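Please keep the sequence and the structure in view while reading.

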Amino acid sequence: MLVHGRVLPAMGESAGLRLPGSVLAVYHAAELLPLALGGLLIAALGALLPAGWAARAQTATALRTE
């Protein structure tokens, strides 16, 4: 958020534009926690299938498929 708040206005000024606050305020701090938790949940669910396969596979088979 800090980088976004610094870079986007600088890019707008270099193009001769003054960006409105609605463009700069994409996410509020209260929205970031649910987004981060949702991303972690999706990553964990996406890792379950390969992890289940690896747990059932023989070690030599798992290493050969890499």
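## Helix α1 and the residue after it

S14 is a residue of helix α1. The model is a predicted one, and in it S14 is exposed, with a relative accessible area of 65%; the cut-off for this class is over 50%. M11 also belongs to helix α1. With a relative accessible area of 52%, M11 is likewise exposed because it passes that cut-off.

Helix α1 covers residues 2–14, which makes 13 residues. At 1.5 Å a residue, a helix of this length should span 18 Å, and the end C-alpha atoms are 19 Å apart, so the two values agree. Just after α1, G16 adopts a positive phi of about 80 degrees.

Helix α3 runs through residues 29–56 and contains 28 residues. From the first C-alpha of α3 to the last, the distance is 42 Å, close to the 40 Å expected at 1.5 Å a residue.

Where does α3 have a kink? The kink lies at L48, shortly before the proline P50, and amounts to about 30 degrees.

## The chain as a whole

The chain has four helices and zero strands. Along the sequence, these elements give the pattern α-α-α-α. The radius of gyration of the chain is 21 Å, whereas the globule rule gives 11 Å for 66 residues; the computed value is well over the rule, so the chain is more spread out than a compact globule.

The box filled by the C-alpha atoms, taken along the principal axes, is roughly 60 × 25 × 15 Å. Two pairs of residues give distances within the chain. S14 and P50 are 36 residues apart in sequence, and their C-alpha atoms are 46 Å apart in space. For M11 and E31, the separation is 20 residues in sequence and 25 Å in space, again from C-alpha to C-alpha.

## Surface and burial

How much of the chain counts as buried? Of the 66 residues, 3% fall into this class, for which the relative accessible area must be under 20%. The accessible surface of the chain comes to about 5,700 Å², and 69% of this area belongs to carbon and sulfur atoms.

A nonpolar patch on the surface is formed by M1, V26, Y27, L32 and L35, which together have about 470 Å² of accessible area. One of these residues, V26, is located in the loop between α2 (21–24) and α3. V26 has a relative accessible area of 42%. This value lies between the cut-offs of 20% and 50%, and V26 is therefore partly exposed.

Methods:
Residues are numbered from 1 along each chain as its sequence is written. This is a predicted model: local features need pLDDT of at least 70, side-chain atom pairs count only at pLDDT 80 or more; totals for chains, interfaces and linings use all residues. Side-chain values use heavy atoms; hydrogens and water are left out. Helices (H or I, at least four residues) and strands (E, at least two) are DSSP runs, numbered from the N terminus. The expected span of a helix is 1.5 Å times one less than its number of residues. The bend at a residue is the angle between axes fitted to the seven residues ending there and the seven starting there. The radius of gyration is taken over C-alpha atoms; the globule rule is 2.2 Å times the number of residues to the power 0.38. Buried means under 20% relative accessible area, exposed over 50%, partly exposed in between (1.4 Å probe, protein chains only). Accessible areas come from the Shrake-Rupley method with a 1.4 Å probe; for residues, only the protein chains shown count as cover. Patches are made of residues with over 30% relative accessible area and no salt bridge: like charges are joined within 9 Å, nonpolar side chains (Val, Leu, Ile, Met, Phe, Trp, Tyr) within 5 Å. A salt bridge is a side-chain nitrogen of Lys or Arg within 4 Å of a carboxyl oxygen of Asp or Glu.
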